[in-house]
Amino acid sequence: MTACSTFSTKFPAAPAAAAASGYNYIIGPGDSLNIIVWRNPELSMSVPVRPDGKLTTPLVDELVVQGKTSVEVAREIEGALSKFVRDPVVTVIVTGFIGPYSEQIRVVGEAAKPQTLPYKNKMTVLDVMIAVGGLTDFADGNGATILRTSEGDKRYSVRLKDLIRRGDVSGNVEMRPGDILIIPQGWF
């Protein structure tokens, strides 16, 4: 009889590097934006991105910002303000990060605190496990998988128990935007 922590070869091992070069943060609902309009302090402010992915500022009724970079949003605000302000110069700084749903990291199953996390460039599976508080006592950590939505829902095996409890950093792989970490329950 085999123990519950035996490694499943059902899926290939996750690649160590996720190769997400040139990553640009994409704004999503719940993010906070600091909008600075040069020489117009009355138009400068911090605003949240609404659940519908839009924001409202003085002189700009509604602007869709979800799925755009901060530079793209700044240029659109400049365009909207140009009707009222001569040559507006706008800077948009993201101050509260959540990101679009399609880029959030989801952790399900036998994590101490299953949750969604905002993706960060060069984020690893160890960073994710620290954020969710590790594994439960009933977790089959070496049976965990990463569902990589950016590769057409391809699944990869990850050895979380070896990484967390034994310090085997060879299992510390990079995450990609939209990854889902699935931690199954062990038999005993």
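Modeller: Let's start inside: the largest cavity holds about 30 Å³ of space. Mind you, this is a predicted model, where local features need pLDDT of at least 70, side-chain atom pairs count only at pLDDT 80 or more, and totals for chains, interfaces and linings use all residues. Residues are numbered from 1 along each chain as its sequence is written, and side-chain values use heavy atoms, with hydrogens and water left out.

Biologist: What makes that space a cavity?

Modeller: On a 1 Å grid over the protein atoms alone, a cavity is a set of points where a 1.4 Å probe fits but cannot get out. Grid points are joined across faces, edges and corners, and the volume is the space filled by probe spheres set on the points. The structure holds one cavity of 30 Å³ or more.

Biologist: Which residues line the largest cavity?

Modeller: Y23, Y25, I98, G99, E103, P118 and Y119; a lining residue has an atom within 4 Å of a point. By class, that lining has five nonpolar, one polar and one charged residues. Ala, Val, Leu, Ile, Met, Phe, Trp, Tyr, Cys and Pro count as nonpolar, Asp, Glu, Lys and Arg as charged, and the others, Gly among them, as polar.

Biologist: Why is T145 called buried?

Modeller: Buried means under 20% relative accessible area, exposed over 50%, and partly exposed in between (1.4 Å probe, protein chains only). T145 has 5% relative accessibility, so T145 counts as buried. T145 sits in strand β8, residues 144-148; strands (E, at least two residues) and helices (H or I, at least four) are DSSP runs, numbered from the N terminus.

Biologist: How do you know that T145 and R155 make a polar contact?

Modeller: Their side chains are joined at 2.9 Å. A polar contact is a pair of N or O atoms within 3.5 Å; within protein, one must be able to donate a hydrogen and the other to accept it, and residues adjacent in sequence count only if both atoms are side-chain atoms. So the pair qualifies.

Biologist: And what about I35: buried or exposed?

Modeller: Buried, because I35 has 1% relative accessibility. I35 belongs to strand β1, residues 32-37. Not counting residues up to four places away in sequence, I35 touches residues including V47, L55, I77 and V90, where contact means heavy atoms within 4.5 Å.

Biologist: What makes a set of residues a nonpolar core?

Modeller: They must be buried Ala, Val, Leu, Ile, Met, Phe, Trp, Tyr or Cys residues joined through side-chain atoms within 4.5 Å. The largest core has 23 residues, and V128, V158, L160, L181 and I183 touch the most other members. Elements giving two or more residues to this core include β6 (105-109), α2 (125-131) and β8, with the largest share, three residues, coming from α2. Apart from this core lies another, of 20 residues, among them Y25, L33, V65 and V90.

Biologist: Why is L59 called partly exposed?

Modeller: L59 has 43% relative accessibility, so L59 counts as partly exposed. L59 lies in the loop between β3 (54-57) and β4 (60-64), with a positive phi near 75° in a residue other than glycine.

Note on methods. 1 Å grid on protein atoms, 1.4 Å probe; cavity = no way out; pocket = protein on both sides within 12 Å on 5 of 7 lines; lining within 4 Å.
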